Amino acid sequence: SGINAEYGMAAADDDDNSLGPDISFEMFTHSTKLFGFKVILLGRYHEWEGCECYFRITSGVEYIKLVVSNGRVQGAQLIGETDLEEVMENLILNQLDISQLGESILDPNVDIDDYFD
């Protein structure tokens with residue numbers, strides 16, 4: 001990206017390391033545990049005007065929220081043992097169009113690992 005090119009050019013003259021470390025990331029990711037549940041936040045996980053949110057909630061087990069814009073996953077909140085971290089990360093990074101699937105992408109009877117992992 002442009003930022004990486006700029007950093008690379010500036011770092012060539014950075015003998016005293018004043019630029020600091022390169023901290024470029026592909027997307028925001030946070031992982032923690034809360035009340036015994038695994039919590040994973042990926043990408044742009046808060047909804048905004050114009051986006052769609054898809055949910056799968058199994059009380060006491062899991063909470064899954066996908067934030068979708070223009071048919072592409074922009075962020076996700078995964079609480080519990082969902083085993084969807086890698087799939088959602090790939091969908092966000094690759095910007096695959098999931099508009100044909102809609103909310104059925106979260107159907108627990110469909111193994112989306114086979115399609116998107």
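Is Cys51 buried or exposed? With a relative accessible area of 16%, Cys51 is buried. Please keep in mind that this is a predicted model. Here are my notes, point by point.

1. **The cysteines.** Searching the whole structure turns up zero disulfides. Cys51 takes part in none, and the nearest cysteine sulfur to it, that of Cys53, lies 4.3 Å away. Cys53 is likewise in no disulfide, its nearest cysteine sulfur being that of Cys51. The pair does not count as a disulfide because the two sulfur atoms would have to be within 2.5 Å, and they are 4.3 Å apart. As for accessibility, Cys53 comes out as partly exposed, at 23%, while Cys51 is buried at 16%.

2. **Lys65, a buried lysine.** You will find Lys65 in strand β4, which covers residues 62–69. Its relative accessibility is 6%, so Lys65 counts as buried. Beyond its sequence neighbours within four places, Lys65 is in contact with Cys53, Tyr54 and Phe55, with Tyr45 and Glu47, and with Gly75, Ala76 and Gln77.

3. **Arg44, in a loop.** Arg44 sits in the loop that runs between β2 (37–43) and β3 (52–58). Arg44 is partly exposed, with 49% relative accessibility. Setting aside neighbours within four places in sequence, Arg44 is in contact with Val67, Gln74 and Gly75. Take Val67: 23 residues separate it from Arg44 in sequence, yet the C-alpha atoms of the two are 7.4 Å apart.

4. **The largest nonpolar core.** This core has 19 residues, and Leu42, Leu66, Leu78, Met88 and Ile105 are those with the most contacts inside it. At least two residues come from each of β2, β4, β5 (72–80) and α2. Helix α2 gives the largest share, with four residues.

5. **Leu78 up close.** Which residues does Leu78 touch, leaving aside its neighbours within four places in sequence? Leu78 is in contact with Lys38, Val39, Ile40 and Leu42, with Tyr63 and Ile64, and with Leu84, Glu85 and Met88. Leu42 and Met88, in that list, are also among the core residues with the most contacts.

6. **Helix α2.** Within this helix, residues 85–94, the buried positions are Glu85, Val87, Met88, Leu91 and Ile92. In an α-helix there are 3.6 residues a turn, so residues three or four places apart point the same way.

How values were computed
Residues are numbered from 1 along each chain as its sequence is written. This is a predicted model: local features need pLDDT of at least 70, side-chain atom pairs count only at pLDDT 80 or more; totals for chains, interfaces and linings use all residues. Side-chain values use heavy atoms; hydrogens and water are left out. Buried means under 20% relative accessible area, exposed over 50%, partly exposed in between (1.4 Å probe, protein chains only). Contact means heavy atoms within 4.5 Å. A nonpolar core is a set of buried Ala, Val, Leu, Ile, Met, Phe, Trp, Tyr and Cys residues joined through side-chain atoms within 4.5 Å.
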